[in-house]
Amino acid sequence: MKLIGLDPGLRATGWGVIKIEGNNLTHVADGTVRVPANLKLAERLATLFKSLSSVIETYRPNEAAVEETFVNRNPASTLKLGQARGVVLLVPALSEIHVGEYPATVVKKSLVGAGHADKGQIKMMVKTLLPGAFLKSTDAADALAVAICHAHHRRSQIRWEDGAQAVHSRELADKGRLE
């Protein structure tokens, strides 16, 4: 199973692909989509879309995870970041890839154990959890952190769903015996 983590940004969007085999996580690739600031907004969004589509086509992940953005003080910047995030969510969704979303504090807590870790701590933990990963940028490290977070949370989700399915199956079996 391959997962892609995405850290949205209008100027730089980080991406990172990991592979899950049992309990092992392996680094596959990472990078950053850099969008020229001199382009008009629509052209920047189109560039982001095309670049991320190429990454998805190249690595063919089974699932995606996107970091939720925080609202900053500048409404115009927040709106533009939200539009970039929309493109980041759209690209895997158009490829019919399930997309998980995680707040930055959850990503940080999943990796470092604290919801307010700095970028240096995140980068160090990504390198620890993915030995041999050469991180091309802090945006790519953040994206890999999102992928790792999703890998950890998806295991819990699968266990929960398996447990719920088992309970449901037992209820159906019991109901069949009662009739």
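**Cores and a buried histidine in a predicted model**

Reader: Which residues have the most contacts inside the largest nonpolar core?

Author: In this predicted model, the largest nonpolar core has 22 residues, and I18, L25, V126, L130 and I148 have the most contacts inside it.

Reader: Which elements supply at least two residues of this core each?

Author: Strand β2 (12–21) does so, together with the helices α3 (104–112), α4 (119–129) and α5 (138–178). Helix α5 provides the largest share, eight residues.

Reader: And what does I148 touch?

Author: Not counting residues up to four places away in sequence, I148 touches I18, L25, L111, V126, L129 and L130.

Reader: Which residues does the second core include?

Author: That core is separate and has 21 residues, including V33, V88, I97 and V99.

Reader: Turning to H150, where is it found?

Author: H150 is found in helix α5.

Reader: Is H150 buried or exposed?

Author: H150 counts as buried because its relative accessibility is 4%, and buried means under 20%.

Reader: What is H150 in contact with, leaving aside neighbours within four places in sequence?

Author: H150 is then in contact with L3, E63, A64, A65, H98, G100 and Y102.

Reader: Now the whole chain: how many helices and strands are there?

Author: The chain has five helices and five strands. From the N terminus on, the elements run β-β-β-α-β-α-β-α-α-α.

Reader: What percentage of the chain do buried residues make up?

Author: Of the 179 residues, 39% are buried. The chain exposes about 10,200 Å², with carbon and sulfur atoms supplying 54% of that area.

Key:
Residues numbered from 1 in each chain as written. Predicted model: local features only at pLDDT ≥ 70, side-chain atom pairs only at ≥ 80, totals over all residues. Heavy atoms only, no water. Core = buried A, V, L, I, M, F, W, Y, C linked by side-chain atoms within 4.5 Å. Buried < 20%, exposed > 50% of the residue type's maximum accessible area, 1.4 Å probe, protein only. Helix = DSSP H or I, 4+ residues; strand = E, 2+ residues; numbered from the N terminus. Contact = heavy atoms within 4.5 Å. Areas by Shrake-Rupley, 256 points an atom, 1.4 Å probe, with all protein chains shown as cover.
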